[in-house]
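Biologist: I am new to reading folds. Can you take me through one, step by step?

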Amino acid sequence: MQKKYRVILVFVLLFPRVLGAGDRRNIPLDLFLIIDGSSTLKNVQNAVVRWLNEQVVDRILQEGDRITIWIAAEKGELVFSDTLKGPGDKARIKRLFQSLQFKEGTANFAGVLREATARIQQAPSLAYTLLVSGSTTGRAPSLGGDAVGLLRFTRVEEFSGWRAMVIGLGLTTRVQQAAAAYMQGGR
């Protein structure tokens with residue numbers, strides 16, 4: 001059973017757009033969404049909100065999924081955490097995206113990424129972490145030191161003035177175990 005979840009997780013990390021196509025998932029998803037709360041997204045807010053609504057809310061999320069949303073500003077702020085029970089919940093999330101307020105200063109992604117990692121380790125279902133950030137210069141100071149290791153398994157999609165990053169939090173141990181099992185099986 002655990003192997004099935006690993007295969008699905010790798011599939012989700014490598015091909016996130018496939019989640020919205022064809023057959024629907026029957027495994028609930030824990031989506032951890034981290035949004036840059038600094039002013040680096042201010043000029044591209046409409047594009048970011050449109051993408052989040054179309055790609056995340058409409059294509060990925062479905063009833064039974066749990067979504068947790070943080071705004072990463074000077075301090076990380078948890079702004080939403082709930083299980084989707086119907087279309088009204090999707091509309092509520094879209095209204096939240098429309099109401100985002102960006103502040104001067106830098107985004108503290110490290111603290112929020114650590115909190116998401118802790119929650120992933122407790123998540124009983126499939127976990128998916130998405131970080132939306134502005135320019136690289138606004139992101140660099142908040143990911144120094146040991147926090148850089150949190151981005152080890154990352155897929156980045158670049159847009160004009162911003163990026164979406166699918167982050168494989170909590171995968172290091174699983175990858176090491178799978179590599180060890182593979183190496184032992186080949187002997």
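Modeller: Start with contact, which means heavy atoms within 4.5 Å. This is a predicted model.

Biologist: Which residues does Phe97 touch, not counting residues up to four places away in sequence?

Modeller: Phe97 touches Leu33, Ile35, Gln45, Val49, Leu52, Asn53, Val57 and Ile69.

Biologist: How many residues does the largest nonpolar core have?

Modeller: That core has 32 residues. Those with the most contacts inside it are Ile35, Leu52, Ile69, Ile93, Phe97 and Leu130. Elements that give two or more residues to this core include S1, H2, S2 and helix H3 (87-98). H2 gives the most, with 6 residues.

Biologist: What does a second, separate core include?

Modeller: The second core has 14 residues, among them Phe32, Ile34, Phe109 and Met165. Here is a general idea to keep in mind. In a regular strand, side chains alternate between the two faces of the sheet.

Biologist: Why is strand S2 largely enclosed by the rest of the structure?

Modeller: Buried means under 20% relative accessible area. In S2 (residues 66-72), 6 of the 7 residues are buried, so the strand is largely enclosed.

Biologist: Which way do S1 and S2 run, parallel or antiparallel?

Modeller: Strand S1 (residues 29-36) and S2 run parallel, joined by 7 bridges. Asp36 stands opposite Ala72 in S2. From S1 the chain crosses through helix H2 (residues 45-58) to S2, and this β-α-β crossover is right-handed.

Biologist: And how do S2 and S3 run, parallel or antiparallel?

Modeller: S2 and strand S3 (residues 76-83) run antiparallel, again with 7 bridges. A hairpin of 3 residues joins S2 to S3. Ala72 has Gly76 as its bridge partner in S3.

Methods:
Residues numbered from 1 in each chain as written. Predicted model: local features only at pLDDT ≥ 70, side-chain atom pairs only at ≥ 80, totals over all residues. Heavy atoms only, no water. Buried < 20%, exposed > 50% of the residue type's maximum accessible area, 1.4 Å probe, protein only. Helix = DSSP H or I, 4+ residues; strand = E, 2+ residues; numbered from the N terminus. Pairing = 2+ DSSP bridges. Right-handed = clockwise from strand over helix to strand, strands pointing away. Core = buried A, V, L, I, M, F, W, Y, C linked by side-chain atoms within 4.5 Å.
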